[in-house]
Amino acid sequence: MSVRVNAVGTPACDADLAALAGVTPLHSVRVPKVESPADVARIVGALGPVPVHALLESWDRWSRPPRGTG
């Protein structure tokens, strides 16, 4: 099963992740409005090792190194 969740950082996303905890088989998760790698880490941290289809909100945040790293 592949599932779309609500944007990370919203109460709806928290509810989605709680509802999906332990669901098998979970083949992938589609996440809208992803703004940073931390958003993807939040999904994987809640659901375990599952492929994440990240729909980027702003390419600019992904195309440069994080602040303080270079």
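Leaving aside its neighbours within four places in sequence, which residues is Cys 13 in contact with? They are Asn 6, Ala 7, Val 8 and Ile 43, where contact means heavy atoms within 4.5 Å.

## About the model

This is a predicted model, in which local features need pLDDT of at least 70 and side-chain atom pairs count only at pLDDT 80 or more, while totals for chains, interfaces and linings use all residues. Residues are numbered from 1 along each chain as its sequence is written, and side-chain values use heavy atoms, with hydrogens and water left out.

## The nonpolar core

Cys 13 and Ile 43 both belong to the largest nonpolar core, which has twelve residues in all. Such a core is a set of buried Ala, Val, Leu, Ile, Met, Phe, Trp, Tyr and Cys residues joined through side-chain atoms within 4.5 Å, and buried means under 20% relative accessible area (1.4 Å probe, protein chains only). At least two core residues come from each of helix H1 (11-20), strand S2 (28-34) and helix H2 (37-47); helices (H or I, at least four residues) and strands (E, at least two) are DSSP runs, numbered from the N terminus.

## The salt bridge

The structure holds one salt bridge, defined as a side-chain nitrogen of Lys or Arg within 4 Å of a carboxyl oxygen of Asp or Glu. Arg 42 forms this bridge with Asp 14, and their closest N and O atoms are 2.8 Å apart. Because Arg 42 lies in helix H2 and Asp 14 in helix H1, the pair ties together parts that are 28 residues apart in sequence.

Definitions and conventions: Buried < 20%, exposed > 50% of the residue type's maximum accessible area, 1.4 Å probe, protein only.
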